[in-house]
Amino acid sequence: TQVRHVMKLFSRASAADTPAAPNSVAVGLALPDMFGHFIGGEFVEPLEGKYFDNPSPINGKPFIKAARGSKADIDAAVKAANDAYTKTWRLASVTERSNILLKIADIVEANLDRLAKIETVDNGKAVRECMAADLPLVIDHFRYFAGVIRAEEGTASEIDANTVSLCIQEPLGVVASIIPWNFPLLMAAWKLAPALAAGNCVVLKPAEQTPTSIMTLMELIKDVVPPGVINVVTGYGNEAGAALASSDGIAKLGFTGSTATGTKILQCAAEKLIPTTLELGGKSPNIFFSSVCDKDDEFLDKAVEGAVLFALNQGEVCTCNSRMLVQEDIYDKFMEKVVARTEAIKTGDPLDEATMMGAQVSSAQHEKIVNYINLGTSEGAKVLTGGAANDVVNGGYYIKPTILSGTNDMKIFQEEIFGPVTSVTTFRDEEEAVAIANDTVYGLGAGVWTRDAHQAYTVPRQIQAGRVWVNCYHAYPAHAPFGGYKQSGFGRETHKMMLNHYRQTKNMLVSYDKSKLGFF
């Protein structure tokens, strides 16, 4: 076995004793110069000694270094997780597990401001979104699963007068969780909370674009969570991610990300015959029926905002309402309001609490979005607003919120862009609206806006998507199950049913009959 060197500089640091970060956006956040991996309850050096720069999307400059994980690091993390599962976590009572989840939530709440700012520096999103949505949802999901497991019961069934069937839910063991860069802390919470609540240990691999905020959280909770219960290895997907997905020491794979990568994850799970849950891509339709414009009132104002929510999180959301379907008789009136609201979005420095939309996560993502906008115009789409990069902060990765008008057969309507771009088209009636909405390989989210109560029920029932928002959009509360149809994956997060994706059922069939069967 290789000796791992504990890096003492990664212990809880204060602003006074932490070396100055090279990037001004990180000043005052009490970050070290680099983070190692978090394995066995400690920050440790990568076994190959390699690190990589983590640039901030705000200005494109590195602000910290992250450990570049290898197969050896993954093996060490998986071993630590299995040791903790065998010796500690599988023996912990429901009450103990629940109380630890509550402590994690309390720590996040007490450090919300700092975590939100680090998340913004790491990801580029507007800090006001982190503070108003991301971090409160992280807190709520840990508390939700802490509460749910305290109220659970097994089942006992009487088969006959002398036979009882007992069903007991047991954890799987070590769960491998691979998360994306668009909501680093929230996606970690969506994976960690139910997995830990169910009694599993976790090896988590964050996206290489956003390795820092999750390590800051580990720094804060390391004295609360037993060593080895949570392990985090940073690095590249084709190195650390691939090693984790193919590890023989894991009992379950959980992945959120692209459909293309999801198919590879599924292949890894199939080779080991282990369960998996996948939350993948989307091309979500947002449908606006004529009745929306029956009155110029608060509901119409809400619907206009609902259309503009494509720009939330810079459009880097798997359920981004990236296809806007507007009934043809209200198109001109409604889109005039939508375009005006879009052009009122304040872009700029994400750390400014007045900024509504921040930076794209990376230079590569920025380039991809610009290429899709250009592709749309080459296909014949009309730019209603935006349609270009945005130079609001020198060196950062910014895009103007963009609305393109076209038809559903265009690539900009069919392929996931993952940026602040929505494509709008019209429909004649309900039948055509549903047909356009379902004309996609994805089925993650959808929105329906109407004043007609009958329509508000019947149309969502016809849409092939796991989450259909009705007269709202981009709400992600705990206890509302979230997951996809079709190529958007399977499994349902943010709900107690997710616990069963992290457990297996043991049946104890108990006979109280003293008489033998009589066969032999």
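The description of its surroundings may begin with one partner. W190 and Y476 form a tilted aromatic pair, with 6.3 Å from centre to centre and 50° between the planes. W190 belongs to helix α5 (residues 184-197), whereas Y476 lies in the loop between β20 (467-470) and β21 (485-486); the pair therefore ties together parts that are 286 residues apart in sequence. W190 is also buried, with a relative accessible area of 3%.

Y476 and F482 form an edge-to-face pair, with 5.6 Å between the centres and 75° between the planes. Both Y476 and F482 are buried. Seen together, W190, W469, Y473, Y476 and F482 are linked into a cluster by ring pairs. The structure as a whole holds 14 aromatic pairs.

Another kind of contact with a ring involves K252, whose charged end sits over the ring of Y502, 4.0 Å from the centre of that ring.

The wider setting is as follows. The protein has 14 helices and 23 strands. Buried residues account for 57% of its 520 residues. Of the contacts between residues at least 6 apart in sequence, 74% join residues at least 24 apart. The C-alpha trace spans about 80 × 65 × 40 Å along the principal axes. The radius of gyration is 24 Å, which agrees with the value near 24 Å for a compact globule with 520 residues.

Three strands form an open sheet of mixed pairing, in the order β1-β5-β4. Its edge strands, β1 (34-35) and β4 (51-55), each pair on one side only. Strand β5 (residues 62-67) and β4 pair in the antiparallel sense over five bridges, and F52 stands opposite A66 in β5.

Finally, a word on confidence. The protein averages a pLDDT of 95, and 96% of the residues score at least 70. Over residues 1-21, however, pLDDT stays under 50, and the model has 48 contacts beyond four places in sequence for this stretch. Where pLDDT is low, predicted coordinates should not be read in detail.

Terms used:
Residues numbered from 1 in each chain as written. Predicted model: local features only at pLDDT ≥ 70, side-chain atom pairs only at ≥ 80, totals over all residues. Heavy atoms only, no water. Pairing = 2+ DSSP bridges. Helix = DSSP H or I, 4+ residues; strand = E, 2+ residues; numbered from the N terminus. Phe/Tyr/Trp six-rings, centres within 6.5 Å; stacked < 30°, edge-to-face > 60°. Buried < 20%, exposed > 50% of the residue type's maximum accessible area, 1.4 Å probe, protein only. Lys NZ or Arg CZ within 6 Å of the ring centre and 35° of its normal. pLDDT = per-residue confidence, 0-100. Contact = heavy atoms within 4.5 Å. Rg over C-alpha atoms; globule rule 2.2 N^0.38 Å.
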